[in-house]
Amino acid sequence: MKPAEKLMPELRFSVFKGNWKISEMAKHTLSSAFGPRFSSELYARTGNIVTLRTTDMDDEGNLCFDNAPLAVLNEKKFQEHLLQKNDLVVSRSGTIGITGIFEKYKLPVLPGAFLIRFRLSEKTLNPNFVQLYFNSQKGRKKLLKLSAGGVQKNLKGSSILKMLLNIPTLPEQQKIASFLLAGDKKIEKLTRKKDLLEKYKKGMMQKIFSQEIRFKDENGKDFPDWEMVMLNSIYPRIRNGFVGTATPYYVENGIKYLQGKNIKNNKIKEDGLIFISNDFHLKNVKSKLRTNDIVMVQSGHVGECAVIYEDFSGSNCHALLVLTPNSDIVSKFYIYYFYSPLGRKNIYTIKIGNTIEHILSSDLKKTKVPTPTFREQKKIATFLSNIDKKIQNVQTQLTQTQAFKKGLLQKMFV
C-alpha cells in the first residue's frame with residue numbers, strides 16, 4: 001500500500017483536506033458486461049437499436065452516434081446490455097482504456113463487443129470523476145498495465161473490477177468532475193466555433209471563385225471581368241525542385257530544404273525540416289525559392305501548396321513544383337484558388353498514377369486559371385487571409401485549453 005502522505009493530489013481545492021482512500025472498483029460497481037455479439041445479418045438501416053463501436057469514441061471518450069450502425073434486435077433480449085444514463089463504456093481492444101460516458105440518445109444504444117459497460121453506485125463514486133480519471137495519463141497507464149496479450153492486447157472487465165482506485169470523498173469527486181467538465185465545454189465551444197469558421201471559409205471560396213459574389217473597388221465600382229488564361233502566362237517559370245539524392249548534403253545547420261511533407265493546408269510545416277549545405281544549394285540554383293513563389297506537392301498528396309514568405313526566401317526544395325510569378329501577381333490569391341473546389345478540380349484533371357498520384361510541370365503549365373486584376377486578387381487574398389487568422393486564433397485558444405486540461409488531469413488525480 002502507498003504511504004498515506006502520497007494519497008493526495010498535487011493540485012487540490014483548498015476546502016478539501018485529508019488523504020484519499022484506496023478502494024477496489026468492484027465495491028462501487030452495480031453491474032458490468034461485455035458488449036454482446038450477434039449476427040452481422042441483423043445490421044440494417046431501419047434498425048431499432050444503435051450499436052456503439054470503439055470507432056464511435058474519440059480519444060477523449062466523447063461518444064458520436066452519427067456513423068454508428070443500426071441493428072434489428074429484440075430489445076427485451078438485450079435489455080441488460082442497453083446503456084443507461086451515466087453508464088461508462090471502456091474500450092478493451094485497440095486503443096486500450098478509452099472511456100466514454102453515456103447520457104442519452106433518441107434510440108436505445110448497445111455497446112459493441114470490444115467495449116465493456118460499467119454501471120456505478122453513484123452514492124460512492126461519481127461516473128464523471130471515473131471517466132476523467134480513466135482518460136487521464138495516470139488512468140490510461142494503469143488500465144494498460146491490466147491488459148493482457150501479445151501484439152494485440154486485451155482488457156478484461158474482471159481486471160478493471162479488481163483495479164485499486166485512489167478516490168476522495170464524493171463531494172470532492174463531484175467538484176473535480178464539474179471543474180474539468182467546464183473545461184470540456186469550453187473545448188467543445190471552441191471546436192464548434194472553428195468548424196463554423198472553416199465551413200464559412202469553404203462556402204465563401206466556392207462563391208468567390210465561381211464568381212457568384214464579386215468584390216468592389218475602393219470607389220464601389222465593379223472590377224473588370226475575369227479571364228481564363230494558361231498558368232504559365234502569369235507564372236512563366238514553372239519547374240521541378242531538385243530531383244535526386246540529396247542526403248549526403250544534409251547538415252545540422254544550413255540552408256532550409258523543403259520537401260512534400262513540409263507543405264500542408266496552405267502552410268509550411270517546419271516539423272522535421274531538413275537543412276542542406278551551402279555548396280549543394282549553390283549548385284542547384286534552379287530550385288532556389290524566392291518570396292511570392294508557390295511550392296506545390298508533385299507526388300503523393302498532390303496539389304498541396306503554399307506561398308514562400310521572407311522566412312523561406314533563399315531556401316531550396318526537393319521534388320516540389322516551383323512557380324515563380326510575374327510582378328503583378330498575388331500568389332496568395334492563387335493558393336486559395338488551388339484549394340477551392342474549382343482549383344482542386346483543375347488539379348484532379350491533370351493528375352496521373354494509381355498507387356502514387358503525380359502531376360507533371362508540363363501539364364500544370366497548360367492549366368487554365370482565372371485572372372482578376374492585381375487589386376482584386378489582393379482584396380480577395382486579404383479577405384480569405386483574415387478568415388484564416390480567425391481560425392488560427394481559435395485553434396490557438398483550443399490548443400492552449402486542451403493543454404491546460406491535460407495538465408490538470410495529471411495534477412488533480414493521485
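This is a predicted model: local features need pLDDT of at least 70, side-chain atom pairs count only at pLDDT 80 or more; totals for chains, interfaces and linings use all residues.
Let me start with I380, which lies in helix α9, where helices are DSSP runs of H or I with at least four residues, strands are runs of E with at least two, and both are numbered from the N terminus. I380 is buried, at a relative accessible area of 0%; here buried means under 20% relative accessible area, exposed means over 50%, and partly exposed is what falls in between, with a 1.4 Å probe and protein chains only. Not counting residues up to four places away in sequence, I380 touches I208, F215, W226 and F333, a contact being heavy atoms within 4.5 Å. Along the chain I380 and M205 are 175 residues apart, yet their C-alpha atoms are separated by 9.4 Å.

Residues are numbered from 1 along each chain as its sequence is written, and side-chain values use heavy atoms, with hydrogens and water left out.

Now to the nonpolar cores, each of which is a set of buried Ala, Val, Leu, Ile, Met, Phe, Trp, Tyr and Cys residues joined through side-chain atoms within 4.5 Å. Which residues touch the most other members of the largest core? They are F209, L231, Y235, Y334 and L364, out of 42 residues in that core. At least two residues of this core come from each of α4 (170-209), β17 (294-297), β18 (305-307), β20 (320-324), α6 (331-339), α7 (341-350) and α9 (374-411). A second, separate core has 30 residues, including L88, I101, L125 and L408.

In α6 nine of the nine residues are buried, and the helix is mostly covered; among the buried residues are F333, Y334 and Y336.

How do α6 and α7 pack, and at what angle? The angle is about 75°, and the axes are 4 Å apart, the axes being lines fitted to C-alpha atoms, for helices over the stretch in contact, with angles running from 0 to 180 degrees between N-to-C directions. That makes α6 roughly perpendicular to α7, on a scale where under 35 degrees is roughly parallel, over 145 roughly antiparallel, 65 to 115 roughly perpendicular and the rest oblique. On the α6 side the meeting residues are Y337, F338 and Y339, and on the α7 side P341, L342, G343, R344, N346 and I347. By type, the residues of this contact divide into six nonpolar, two polar and one charged, where Ala, Val, Leu, Ile, Met, Phe, Trp, Tyr, Cys and Pro count as nonpolar, Asp, Glu, Lys and Arg as charged, and the others, Gly among them, as polar.

The next helix is α1, which is largely enclosed by the rest of the structure, because eight of its eight residues are buried. The N-terminal end of α1 is capped by N126, with a side-chain oxygen 2.9 Å from the backbone nitrogen of N128. This is a polar contact, defined as a pair of N or O atoms within 3.5 Å, where within protein one must be able to donate a hydrogen and the other to accept it, and where residues adjacent in sequence count only if both atoms are side-chain atoms.

Within α1 (residues 127-134) we find Q131, which is buried with a relative accessible area of 7%. A polar atom of the Q131 side chain lies 3.2 Å from the backbone oxygen of T99, and Q131 also touches E60, G61, L88, G100 and I101, with residues up to four places away in sequence not counted.

From helix α4, A177 is in contact with N126, N128, F129 and L132, leaving aside its neighbours within four places in sequence. A177 is buried, at 2% relative accessible area.

Lastly, the backbone: phi of Q211 is near 65°, a positive value in a residue other than glycine, and Q211, in the loop between α4 and β10 (228-230), is partly exposed at 34%. N265 is likewise not a glycine and has a positive phi of about 50°; N265 is found in the loop between β14 (263-264) and β15 (267-268).
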